[in-house]
Every structure is written in C-alpha cells, then in structure tokens.
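Please look over the sequence and the structure before reading on.

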Amino acid sequence: QRQFVESGGGSVQPGGSLRLACTLPGVTLDAYAIGWFRQTPGKERERVSCISSRDDTAYYQDSVKGRFTISRTDAKDTVNLLMNNLNAEDTGVYSCAAGPNIQVACVMFSEYEYQYWGLGTQVTVSP
C-alpha cells in the first residue's frame, strides 16, 4: 500500500549538481535502511548508495564515491542524495526503497530485500 515518492531529478550539463529527495508519506524513515538505485536502459538496476538503519552508516558505489552524499533530514521523513560533478554515466532513473529496520550495514541487503519502491525520478546529464 505504501510507495516512495522521489523528486529532484532533471537535466544538467556535465559537472553540474542535483539533489534528489526520497519520502515515504506518513512514515518516519530513521529506523529503516534506505537505498538509492539507478536504472539505465539496457542495463540492470544498480544500487548507487544506501544509508543504514539507525546508525546512518553510508555506502556508495565506487563510481560515485567522492561525488554523491546520502543523508537523512532532521525530521527523519526524507532521505536525500546530493549528486555533485555529474557525468553522462550518471544518467538514469533514480528510485529509492526501504530495507529492513534492523541495525545492520545496508550493503548486507540485496535489492530483493527492499520494499515500497518509488516510480523514480529522471536524471539526465548531457552537454
């Protein structure tokens, strides 16, 4: 019955920045691992970042390390993904989902353990 809502996507030039937001209406997210995933046509969906339940330990795909930052808001109802120095390879539909509400590193969970997938927000990076 629940589904995440993603926002903040758009079209930017290489080197630009975007901030994505992920919200599950009516739910406080602090107790859940949250993952951001990217889907590009012709490629499998991949996890680009996740933040762990409760202790907020963050993890990043190698290709985005140093450029992307995942964080929770003070209200704990939103998880953001700040994307800096974007390049063409970052293009895709970004969606978020919730992992288990246990204090385990979010990389321990496979994509299939995430729930409430949103429809995603499009990010396009091109000259």
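## Basis of the model

The structure is a predicted model, in which local features need pLDDT of at least 70, side-chain atom pairs count only at pLDDT 80 or more, and totals for chains, interfaces and linings use all residues. Residues are numbered from 1 along each chain as its sequence is written, and side-chain values use heavy atoms, with hydrogens and water left out.

## Overall fold

The protein chain contains ten strands and zero helices; read from the N terminus, the order of elements is β-β-β-β-β-β-β-β-β-β. Both kinds of element are DSSP runs numbered from the N terminus, with helices being H or I of at least four residues and strands being E of at least two.

The C-alpha trace spans about 40 × 30 × 25 Å along its principal axes. Among contacts with a separation of 6 or more, 61% join residues 24 or more positions apart, where contact means heavy atoms within 4.5 Å.

## Burial and surface

Of the 127 residues, 41% count as buried. Buried means under 20% relative accessible area, exposed over 50%, and partly exposed in between, with a 1.4 Å probe and protein chains only.

The chain exposes about 6500 Å², of which carbon and sulfur atoms supply 48%; the areas come from the Shrake-Rupley method with a 1.4 Å probe.

## A buried arginine

Arg 38 is found in strand S4, residues 34-39. Arg 38 counts as buried because its relative accessibility is 4%. Its side chain makes a polar contact of 2.9 Å with the side chain of Tyr 94 and another of 3.4 Å with that of Gln 61. A polar contact is a pair of N or O atoms within 3.5 Å; within protein, one must be able to donate a hydrogen and the other to accept it, and residues adjacent in sequence count only if both atoms are side-chain atoms.

## Two loop residues with positive phi

Most residues other than glycine have a negative phi. Lys 76, not a glycine, has a positive phi of about 65°. Lys 76 lies in the loop between strand S7 (68-72) and strand S8 (78-83), and is partly exposed at a relative accessible area of 28%.

Asn 85, also not a glycine, has a positive phi of about 50°. Asn 85 is located in the loop between S8 and strand S9 (92-98), and its relative accessibility of 47% makes it partly exposed.
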